[in-house]
Protein chains: 2
Amino acid sequence: MAWRSLELARNNSVIVAVSGGADSTALLAGLDELIKSKKLDVRLIVAHLNHKLRGQVSDADARWVSEFSRQLGYQFIGRSIDVKRLAKRTGNNLEQAARRARYDFLKKTATSRKAKLILSAHTLDDQAETVLLNLLRGSGTDGLAGMEPVRKMDSKSNLIIARPLLTWAKRSDTESYCRARGIDFRVDEMNANEAFARVRVRTQVLPLLKTFNPKVEEAISRAAEILREDNSALDAAAERLLEYSGVTLSSPNQKQAAIRADLLRIAQPALRRRALRQWLSVNRGDLRRIERAHISAIENLLFSPKSGRLVELPGGGVVTRKAGCLHYVGKKPERRTNQRTHT
Amino acid sequence: MAWRSLELARNNSVIVAVSGGADSTALLAGLDELIKSKKLDVRLIVAHLNHKLRGQVSDADARWVSEFSRQLGYQFIGRSIDVKRLAKRTGNNLEQAARRARYDFLKKTATSRKAKLILSAHTLDDQAETVLLNLLRGSGTDGLAGMEPVRKMDSKSNLIIARPLLTWAKRSDTESYCRARGIDFRVDEMNANEAFARVRVRTQVLPLLKTFNPKVEEAISRAAEILREDNSALDAAAERLLEYSGVTLSSPNQKQAAIRADLLRIAQPALRRRALRQWLSVNRGDLRRIERAHISAIENLLFSPKSGRLVELPGGGVVTRKAGCLHYVGKKPERRTNQRTHT
């Protein structure tokens with residue numbers, strides 16, 4: 001199985017996120033099989049967030065995961081959150097609010113248990129759903145590339161999230177695995193709510209697409225994999241373009257506020273845009289609210305014969321062109337208080 | 001309108017492909033408007049291929065396009081083909097056979113009339129359908145990038161095909177335009193046949209996707225545009241990697257049979273694979289029957305510590321590794337008979 005290829009350091013704590021649905025129940029049971037047969041030597045901790053979306057049913061799910069973990073002999077950590085209230089308070093939709101709450105919970109749990117790795121049971125089906133949802137929104141390569149099998153949880157920590165089932169197991173495989181081993185599972189509360197676009201993609205769109213290609217999840221997942229590879233190649237090339245233009249991403253305090261315009265002008269448009277996004281990200285700390293239109297405006301500045309114009313960015317920060325360079329002035333990254341930008 | 005931005009040389013012959021459907025009728029009427037108001041100075045020739053898919057209705061379509069062209073004062077060139085018989089003979093499906101026949105007809109017509117430009121009335125809707133069909137097949141960046149607004153008809157000629165409506169006009173816009181101008185149009189025979197996967201994407205998939213996002217065609221078309229830009233940046237980077245590795249695509253007779261392995265090994269996987277495909281294409285004349293698996297096999301050869309192994313390619317041709325280089329031996333490109341490969 002694919003999770004064997006994960007290099008898990010011996011006897012380290014590993015968090016596995018278990019909703020009680022077939023996917024995560026199969027993942028937990030599979031990990032248990034590897035641990036009991038001495039093929040895997042980690043301290044497994046089961047984490048479950050009760051989203052409180054289906055009242056007593058949600059509570060019963062939580063009790064079931066807790067009981068199953070106890071039977072297998074693993075520590076169980078459960079928390080509850082009222083996702084509906086959270087969504088109302090934050091202005092996010094239910095699905096966004098649920099995802100943020102879940103990732104926050106997993107990060108906190110990992111930190112408190114000194115775990116460096118979180119395992120999540122996303123399948124091929126989840127990948128196909130993610131790609132389709134992003135396509136429906138008009139995402140670019142990033143979105144169509146779907147979820148990564150292994151990635152850092154955020155840029156600030158060394159916490160890794162891995163999805164051992166993502167590239168090969170279908171949801172139906174996890175159901176068969178549970179049945180074959182005589183293990184019960186629950187209907188995940190997040191999977192039964194038609195208010196979620198994802199659930200409608202699963203229950204309406206994918207069944208229709210299967211009438212064109214019975215292996216459509218595999219097809220979409222393969223496309224996403226190719227795009228992930230393209231994406232890394234482009235990111236690396238854009239980073240090199242930024243380096244040549246006078247900005248070194250790895251030493252962020254050197255001169256990143258100014259970059260040469262000449263190389264950016266002759267670069268391929270896709271690379272230029274990526275390089276500009278990376279440059280803004282270094283200077284601002286993140287790319288929140290930066291849209292394609294802002295990058296286009298900076299490109300216009302780059303090609304404009306009139307010097308002295310500027311582009312204002314949402315949330316503060318300005319890009320100007322002076323003496324053959326683009327300059328970033330304004331909003332500083334949140335975590336770099338000693339740094340000054342030169343105008 | 002977008003076709004104004006096409007640089008059309010004065011008084012040149014231009015072929016416009018007209019099926020009689022709303023899209024191509026609107027394109028023809030719009031071009032006519034530009035010509036009559038002296039904003040466009042070209043010699044327009046209307047081309048129509050009767051696919052004979054709906055018997056007398058198909059014949060009536062052809063007569064209608066001929067009559068409409070005559071009314072507007074343009075030359076009409078019509079041909080008939082029995083697409084069903086052609087599909088049976090060539091082993092292609094109906095849609096592939098129809099497309100090939102249509103493009104052959106347009107190319108021949110352009111050549112015989114000394115036209116350098118063919119205009120086709122593909123819309124945003126067609127683009128969304130193309131991207132979805134390619135996604136259903138598991139295509140990579142190339143397929144998901146959809147149709148190009150302007151491209152060379154093939155690598156051997158200077159004939160250009162342009163799609164002036166592709167990036168902005170919806171099918172419904174072309175219908176409104178025809179109605180507003182009091183112009184009748186036909187139901188394109190290719191658009192009414194549920195045997196075509198494309199027609200089912202149009203009548204079943206897109207209406208369902210619209211319940212998620214009413215502007216889904218625009219969203220998909222935007223995604224395709226981003227991927228087209230990424231695609232050109234990656235192609236250019238791969239071409240440079242090949243150049244550095246000792247192969248110059250622009251002078252194809254110099255040494256392209258051997259390339260250095262070292263640079264390919266350290267390159268980003270996505271670039272390496274593109275470079276290998278370009279290299280094979282130069283040596284073989286095309287990439288027919290070359291799949292991802294063959295490229296992976298060549299990558300294995302590249303990283304294998306044992307020298308002397310080889311990869312056999314379908315349809316002839318072998319790649320070997322010797323003295324720090326990959327060598328292509330065998331099947332020569334069809335149109336380069338003087339060339340020898342060194343083993």
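The model is predicted.

**Stop 1: the two chains together**

Show chain A and chain B in two colors. The contact takes in 39 residues from chain A and 39 residues from chain B. Between them, the chains bury about 3400 Å². Carbon and sulfur atoms carry 67% of that area. Next, select A:Leu135, A:Leu136 and A:Phe212. In chain A, these lose the most area to chain B, together 20% of what that side buries.

**Stop 2: charges across the interface**

Six salt bridges are found across the interface of chain A and chain B. Pick out one of them: select B:Asp230 and A:Arg274. Their side chains meet in a salt bridge, 3.3 Å from N to O. Polar contacts between the two chains come to 14 residue pairs.

**Stop 3: the helices of chain A**

Now color the helices on the side of chain A that touches chain B. Helix 5, helix 6 (141–144), helix 8 (197–210), helix 9 (216–244) and helix 11 (269–284) each supply at least two residues to that side. Which helix gives the most? Select helix 9: its share is 14 residues. By type, the residues of this side of chain A divide into 21 nonpolar, nine polar and nine charged.

**Stop 4: a residue in helix 5**

Go to helix 5 of chain A, residues 124–136, and select A:Thr130. Is A:Thr130 buried or exposed? A:Thr130 counts as buried because its relative accessible area is 11%, and the cut-off is under 20%. Finally, show A:Gly146, A:Met147 and A:Arg198. A:Thr130 touches these three, not counting residues up to four places away in sequence.

Key:
Residues are numbered from 1 along each chain as its sequence is written. Chains are lettered from A and ligands numbered from 1 in the order in which they are written. This is a predicted model: local features need pLDDT of at least 70, side-chain atom pairs count only at pLDDT 80 or more; totals for chains, interfaces and linings use all residues. Side-chain values use heavy atoms; hydrogens and water are left out. Helices (H or I, at least four residues) and strands (E, at least two) are DSSP runs, numbered from the N terminus. Buried means under 20% relative accessible area, exposed over 50%, partly exposed in between (1.4 Å probe, protein chains only). Contact means heavy atoms within 4.5 Å. Buried area is the accessible area (1.4 Å probe) that two parts lose on being put together, summed over both. A salt bridge is a side-chain nitrogen of Lys or Arg within 4 Å of a carboxyl oxygen of Asp or Glu. A polar contact is a pair of N or O atoms within 3.5 Å; within protein, one must be able to donate a hydrogen and the other to accept it, and residues adjacent in sequence count only if both atoms are side-chain atoms. Ala, Val, Leu, Ile, Met, Phe, Trp, Tyr, Cys and Pro count as nonpolar, Asp, Glu, Lys and Arg as charged, and the others, Gly among them, as polar.
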